[in-house]
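This briefing collects computed features of one protein chain, grouped by topic for a reader who has the coordinates open. Please read it alongside the sequence and structure shown here.

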Amino acid sequence: MEFKGNCWHEACFVCRYCRQPLGMKPLITKDDDNYCVPCYEKQFAQYCYSCKKVVTNGGVTYHDQPWHKECFLCTGCKKQLAEHRFMSKDEHPFCLECFSGHFAKKCVACTEPITALGGGKFILYEDHQWHSDCFKCSRCACSLVGKNFLTQQDQVLCCNCGQRGHLS
């Protein structure tokens with residue numbers, strides 16, 4: 001037999017692992033050794049963390065585990081996540097919509113989720129949180145980022161509006 005420019009006796013052209021004759025069977029060569037497909041998969045192939053089948057090409061790695069692209073899904077809605085941005089919670093992947101809906105804190109002012117995307121800057125005061133852009137005086141709407149502020153019930157006020165409120 002001739003394979004890749006080398007000549008072999010038919011009985012000598014065998015799988016490096018199981019030693020069975022390769023003949024005209026499909027084979028895979030690795031490091032100048034020839035393997036039948038089942039032996040190669042047994043020895044070298046990666047198996048999808050989700051479906052446990054061989055990942056032959058492409059795929060995704062998440063937490064050092066191989067996945068088929070079609071098996072790497074959002075834990076919440078089962079949307080495919082390969083080639084999309086996603087977030088993780090307790091080592092489970094979530095699409096941005098599911099993560100925001102289930103886990104993200106909500107901004108007091110706009111009620112939208114506060115996530116790490118887009119810089120993730122936010123203001124936290126007691127048990128309330130705001131996007132940096134939403135942290136404004138409740139009366140005059142000036143930004144309070146990096147400034148002193150006062151609280152009055154559920155409102156945050158700049159010092160000017162807060163002092164005016166105490167005078168009236």
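This is a predicted model: local features need pLDDT of at least 70, side-chain atom pairs count only at pLDDT 80 or more; totals for chains, interfaces and linings use all residues.

**Cysteines and the disulfide count**

- A disulfide is a covalent bond between the sulfur atoms of two cysteines.
- For Cys77, the closest cysteine sulfur is that of Cys95, and the separation of 3.8 Å is too far for a bond.
- For Cys95, in turn, the closest cysteine sulfur belongs to Cys98, at 3.6 Å, which is again too far for a bond.
- Cys95 is buried, its relative accessible area being 2%, whereas Cys77 counts as partly exposed at 40% relative accessibility.

**Domains**

- The domain assignment of the protein gives domain 1 as residues 2-44, domain 2 as residues 60-103 and domain 3 as residues 122-164.
- The centres of domain 1 and domain 2, taken over C-alpha atoms, are separated by 38 Å.

**Nonpolar cores**

- The largest nonpolar core has 15 residues, and within this core Trp67, Phe72 and Cys74 are the residues that touch the most other members.
- Strand S7 (60-62), strand S10 and helix H2 each supply at least two residues of this core.
- When residues up to four places away in sequence are not counted, Trp67 touches Cys48, Tyr49, Ser50, Val55, Gly59, Val60, Tyr62 and Phe72.
- Another core, of 11 residues, lies apart from the largest one, and among its residues are Trp130, Phe135, Cys137 and Leu144.

**The hairpin of S9 and S10**

- Strand S9, covering residues 86-89, pairs with strand S10, covering residues 92-95, in the antiparallel sense and over four bridges.
- Two residues lie between S9 and S10 in the hairpin that these strands form, and Asp90, in the turn, has a positive phi of about 50°.

**Salt bridges**

- The structure holds four salt bridges, including the pairs described in the points that follow.
- Arg16 and Asp33 meet through their side chains in a salt bridge, with an N to O distance of 3.4 Å.
- This pair links distant parts of the chain, 17 residues apart, since Arg16 lies in the loop between strand S2 (6-7) and strand S3 (27-30) and Asp33 lies in strand S4 (residues 33-36).
- Arg16 is partly exposed, with a relative accessible area of 47%, and Asp33 also counts as partly exposed, at 25% relative accessibility.
- Lys79 forms a salt bridge with Glu97, in which the closest N and O atoms are 3.6 Å apart.
- This pair, too, links distant parts of the chain, with Lys79 in the loop between strand S8 (65-67) and S9, Glu97 in helix H2 (residues 96-102), and 18 residues from one to the other.
- Glu97 is exposed, with a relative accessible area of 54%, whereas Lys79 counts as partly exposed at 36% relative accessibility.
- The side chains of Lys30 and Asp31 likewise meet in a salt bridge, with an N to O distance of 4.0 Å.
- Asp31 counts as exposed, at 65% relative accessibility.

**Lys30 and its surroundings**

- Lys30 is found in strand S3 and is partly exposed, with a relative accessible area of 28%.
- Leaving out residues up to four places away in sequence, Lys30 touches Tyr35, Tyr40 and Phe44.
- Lys30 and Asn148 are 118 residues apart in sequence, and their C-alpha atoms are 67 Å apart in space.

Notes. Residues are numbered from 1 along each chain as its sequence is written. Side-chain values use heavy atoms; hydrogens and water are left out. A disulfide is a pair of cysteine sulfur atoms within 2.5 Å. Buried means under 20% relative accessible area, exposed over 50%, partly exposed in between (1.4 Å probe, protein chains only). Two strands pair if DSSP finds at least two bridges between them. Domain bounds come from an automatic or database domain assignment. A nonpolar core is a set of buried Ala, Val, Leu, Ile, Met, Phe, Trp, Tyr and Cys residues joined through side-chain atoms within 4.5 Å. Contact means heavy atoms within 4.5 Å.
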